[in-house]
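Reader: I am new to this kind of picture and would like to learn how to read it. Could we take one feature after another?

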Amino acid sequence: MISQTLREARKYEEVSGKMIPEKDRPSFHLSAYTGWMNDPNGFFYYNGRYHMFYQYHPYDSVWGPMHWGHAVSEDLLHWEFLPAALAPDEPYDRDGCFSGSAVELPDGRQLLMYTGVAKKRMPDGGFRELQTQCLAVGDGLDYEKYAGNPVLDQKDLPEGASVHDFRDPKIWRAKDGTYRCVTGSRPADGSGQILLFESEDAFHWKFRKVLAENRNRFGKMWECPDFFELDEKQLLLISPQDMFPQGFEYHNGNGTLCLIGSYDEETETFTEERDQAIDYGIDFYAPQTVLTPDGRRVMIGWMQNWDTCGVLGPTSRVLPWFGQMSLPRELSIKDGRLFQQPVRELEAMRSQPVRHDQVTFEGEISLPEVEGRQIDLEIELSPGDPERIYQKFAVRFAKNDQYHTAVSFRPYESVVKLDRKFSGSRRAIIHQRRCLVRSENGSLKLRLILDRFSAEVFLNDGEQVMSATIYTEQAAKGVSFFADGSVTMNVVKYDLEG
Ligand code: FRU
């Protein structure tokens, strides 16, 4: 039985979503059907298609009572919207169906596990959110909330853990056929921790242990965990709130964190070895991964950040949707670090290659037929004069007389900067990020992917990625190259046709 609340949301999105012309959305990045989108949820391969759900407020392009939007794809790039999957329509989730994940049950049904949010009156008379973990079961289109909801609540929490910050379950099936899930939690020290729960049948859950502790090292509350094995390492992806910056690695505010370590399956103990940011750009948060049928670990994040949601500002909120997902990225571990590459499916979308080999230049140039807002641009840099390495290189894109977005590189500092301050924002918020790259003698590889309203920059074959949204007019589509000192570059540009 579909509730009135869900029926209304489905009716609204169908009418309102159809009114958004294709050209006003990203072409191959998933965006909100209509209204607002945040975190990816329930990313899972089910019955021959990838399912992506998302935090969704259909009725406005700002955050509101959370529903789950729903879309499917065969190649992770061409998405088809399905009707909204969940609405806040039960006493335990009436204030929101927050983030969660999905798994396939042995009987072929799909199980969604999400955070139910309900405001409760506190002893001091005020209202505060209680967060619990809930289930819904379905066939890939319609989902029924489990009668035993919530399946994890206050009484399942370890001592000191907050009932107000207990969310974002990521579920998986263990090798022995039983189930595990990890959630974000706030312990007594006020920072974050990741809890591990176990279940025989995916419906009856119990607390297993604290899997990882923040101890105030990386921000405060830890949101949206994901936990999996990759290239003989164990990875814990986390989105920490309220971070302090650390060198070039982490920045203030909401960030992303990848803990790389090992896992002892017997004792279910995670041992951290290294930490790094996941994305070094401006807009990326709450990523979630899927295991593809051919064994790849693919990650998609919300290509936005809570700290930069106001980038359009109240006076220039021009789009009837807000929020888009990042490119799906294949993950691997090399030299102990997380690497990300655009999914290989993207190659099938490339057309009209334009090559310019061994271009040596100083000052600002543009190259014939290198332009566009839906392009895949590969650039390989080396010094034009091996005796004197250049001071600075920059590529400026999404460019016209008024606007441009830029990626620059200073070889003496090994620093790459993404800058979108000339990209149409009227707000006094962060428009730049820097990251440290590995570079010898002025060499650097960049791959830049533009899709109408975003730019994702893959550096040195994916050792670092920097993402940013850009909401300028599509006519701003020029590309130019700048060098202070002599630079030699190989450039290949493809159009990315949907
Ligand atoms: C992360 C987050 C989650 C929560 C959801 C609410 O972006 O804050 O922790 O479940 O968004 O929409």
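Author: We begin with pairing: two strands pair if DSSP finds at least two bridges between them. The model here is predicted. In it, strand 17 (residues 285-291) and strand 18 run antiparallel and are joined by five bridges. Within this pair, Tyr285 stands opposite Trp302 of strand 18.

Reader: What lies between strand 17 and strand 18 in their hairpin?

Author: Five residues separate the two strands of that hairpin, and Gly295 takes a positive phi near 90 degrees.

Reader: Which other strand pairs with strand 18?

Author: Strand 20 (residues 329-334) does, in the antiparallel sense and over two bridges. Here Val298 stands opposite Glu330 of strand 20. Strand 20 also pairs with strand 21, again antiparallel, over six bridges. In that pair Ser332 is opposite Phe339 of strand 21.

Reader: In what order do these strands lie in the sheet?

Author: The order is 17-18-20-21, an open sheet of four strands with antiparallel pairing. The edges are strand 17 and strand 21 (337-342); each has a single partner strand, so one side of each is left without a neighbour in the sheet. On average, neighbouring strands of this sheet are turned by 40 degrees against each other, direction ignored.

Reader: How should I read the two faces of a strand?

Author: In a regular strand, side chains alternate between the two faces of the sheet. To judge cover, take a residue as buried if its relative accessible area is under 20%. For strand 18, Arg297, Met299 and Gly301 lie on one side, Val298, Ile300 and Trp302 on the other, and all are buried.

Reader: Why is strand 18 described as largely enclosed?

Author: Six of the six residues of strand 18 (residues 297-302) are buried, so the strand is largely enclosed by the rest of the structure.

Reader: What should I look for in a polar contact?

Author: Look for a pair of N or O atoms within 3.5 Å. An N or O atom in the side chain of Gln55 is 2.7 Å from an oxygen atom of the ligand. For Trp63, an N or O atom of the side chain is 3.1 Å from a ligand oxygen atom. Asn38 has a polar side-chain atom 3.1 Å from an oxygen atom of the ligand.

Reader: How much of the ligand's accessible area does the protein cover?

Author: On its own the ligand has 310 Å² of accessible area, and the protein covers 94% of that.

Notes
Residues numbered from 1 in each chain as written. Predicted model: local features only at pLDDT ≥ 70, side-chain atom pairs only at ≥ 80, totals over all residues. Heavy atoms only, no water. Polar contact = N/O pair within 3.5 Å; in protein donor to acceptor, adjacent residues only side chain to side chain. Areas by Shrake-Rupley, 256 points an atom, 1.4 Å probe, with all protein chains shown as cover. Buried < 20%, exposed > 50% of the residue type's maximum accessible area, 1.4 Å probe, protein only. Axes fitted to C-alpha atoms, helices over the stretch in contact; angles between N-to-C directions.
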